[in-house]
Amino acid sequence: MKDSIIHLVRSNIKNLQPYQSARRIGGNGNIWLNANECPIPSLFTANITSFNRYPECQPKSLILSYANYVGLLNDQILVTRGADEGIELLIKAFCNPREDAIIYCPPTYDMYAINAKIANVEIKEIPTFKNTWQIDLENIQHNLNKVKLIYICNPNNPTGNIISKKDIIHLLKITLGFALVVIDEAYIEFSSKDSMVYFLKHYPNLIILRTLSKAFALAGIRCGFTLAHKEIINVLNKVISPYPISTIVTDIAVQSLSTDAIKIMRNRVLTLNLNRNWLINELKKISLVKKIYNSRANYILVKFHMFEKIFQHLWEKGIIVRNQHHKIYLKECLRISIGSYSECSRLIEEIKILSKI
Ligand code: PMP
C-alpha cells in the first residue's frame, strides 16, 4: 500500500513476536489458571478522590512501606509499573544496542529476551539443565563476554523450582565488577526463605525484582519493585518515565503493605500452597499424567499424555491453563496456576473425565 508506514519501523521490531500474555491469548473461561494470578481478590477502596495533580515519580509513602516489608533502606528501592518495567529499565540503562548482551536461562520467563530484542541487545541463551532446571554455571562462565545483565528467575517460571543459592552466589562472585545479576523474585512469597534480599549488602552487582501481582493479589494495579544498591537505583531513576505510578496505584499499594494486609497475604500464600499440594496429590492418581515437576510457587508444570486434547478439553470447559509445549525441554507440558480449592477440584474433575474416555 502506498501510504504504508511499515518501512519506517525499526528492522528489529518489524519481525518481533510480541509476548503472548495470557490476556492476549484470550479464551472464554470462568476458571483462569494461565497467568499465575491470585484467585482470591484482595479488597481495597481508594482513599484518594482528586486526581488533578501529577503523582510523585517515586512515591515516598510507597517506597517506605516496601522498605519496611523487605527490611531495606529507601534508597535501595525503585517502584515500577509491574516487575516487567524493571526488566525493561535495566536493559535501557545498562545495555548499549548492538554492543552489549544479556544472558537468560530458558525455559524461563520470556520477557527478558523480548526486552533485549526490542532494545537491539544480543541475547545469549544458556538453557538450564533439563529436569533439575538448575543454571549451567560453566556454560554461563564461558559466555560472559559483552554480557551486562544475567536474568535468573527464582522460583523459575514456568518450572516452579528454586535455583540453588550456592550457584547464585557463585555467579555473583564471578561477575563482580563487570556484570549485574538480576534475580526475578516475582513468586518469592510462596517460598520466602529462598529470597536473595539478605545478600544485597554483600554484592553490589545483585538486583532483585519483586511484584504485587502474585502473592499480594494485585495484578490489576501494575506495581513492582527493583531492589538494589543505591548506585543502581540512582541510574534507573534517570531512565524511568516522569510519572510511572498513578496516584490510585500508590494508594492501594500502600494499603496492601500494612501489617494487617501482609498477614492476610501470608495466609493467602499458606492456602495456595495447601491447594498446590492437594492438586499434585490428585494429579498423581490420574494415568494421563506423565510427570509433575516440584514447585515452590503458585503454579505447577505437568507433563501429560495427550496434552493437546487435555488443553483443548479444559479450554472448551472454560478452564484456561497455559500450554508450554513449544518451549525448550517442555514438550507435552502444561503450566497450571494454583486456583481456589473449588477451581482446582473442577480441573481435576475434567481431567478425570478425559482419562476415562
Ligand atoms: N517475572 C515473572 C517471572 C513473571 O511471571 C511475571 C508475570 N507474568 C513478571 C515478572 C511480571 O510481573 P508484573 O505483573 O509485576 O509486571
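First, the ground rules. The model is predicted, with local features needing pLDDT of at least 70 and side-chain atom pairs counting only at pLDDT 80 or more, while totals for chains, interfaces and linings use all residues. Residues are numbered from 1 along each chain as its sequence is written, and side-chain values use heavy atoms, with hydrogens and water left out.

I start with the ligand. There are 13 residues around the ligand, and those that come nearest are Ala83, Asp184, Tyr187, Thr211 and Ser213; a residue is near if one of its heavy atoms lies within 4 Å. By type, the shell divides into five nonpolar, four polar and four charged residues. Here Ala, Val, Leu, Ile, Met, Phe, Trp, Tyr, Cys and Pro count as nonpolar, Asp, Glu, Lys and Arg as charged, and the others, Gly among them, as polar. Helix H4 (residues 82-94) gives the largest share of the shell, three residues. Helices (H or I, at least four residues) and strands (E, at least two) are DSSP runs, numbered from the N terminus.

Now the polar contacts, meaning pairs of N or O atoms within 3.5 Å. A ligand nitrogen is 2.6 Å from a side-chain N or O atom of Asp184. Taken alone the ligand exposes 400 Å², of which the protein buries 92%, by the Shrake-Rupley method with a 1.4 Å probe. A ligand oxygen sits 2.9 Å from a polar side-chain atom of Asn157, and an oxygen of the ligand is 3.1 Å from a polar backbone atom of Asp84.

Pro158 lies in the loop between strand E5 (147-153) and helix H7 (165-175). Another cis peptide bond joins Pro106 and Pro107, omega about 5 degrees, and Pro107 is in the loop between strand E3 (101-104) and helix H5 (111-118). Asn36, not a glycine, has a positive phi of about 55 degrees. Most residues other than glycine have a negative phi, and most peptide bonds are trans.

Last, the helix pair. The axes of H11 (residues 307-316) and H12 (residues 341-356) come within 10 Å and cross at roughly 130 degrees. Axes are lines fitted to C-alpha atoms, for helices over the stretch in contact, with angles from 0 to 180 degrees between N-to-C directions.

Definitions and conventions
A polar contact is a pair of N or O atoms within 3.5 Å; within protein, one must be able to donate a hydrogen and the other to accept it, and residues adjacent in sequence count only if both atoms are side-chain atoms.
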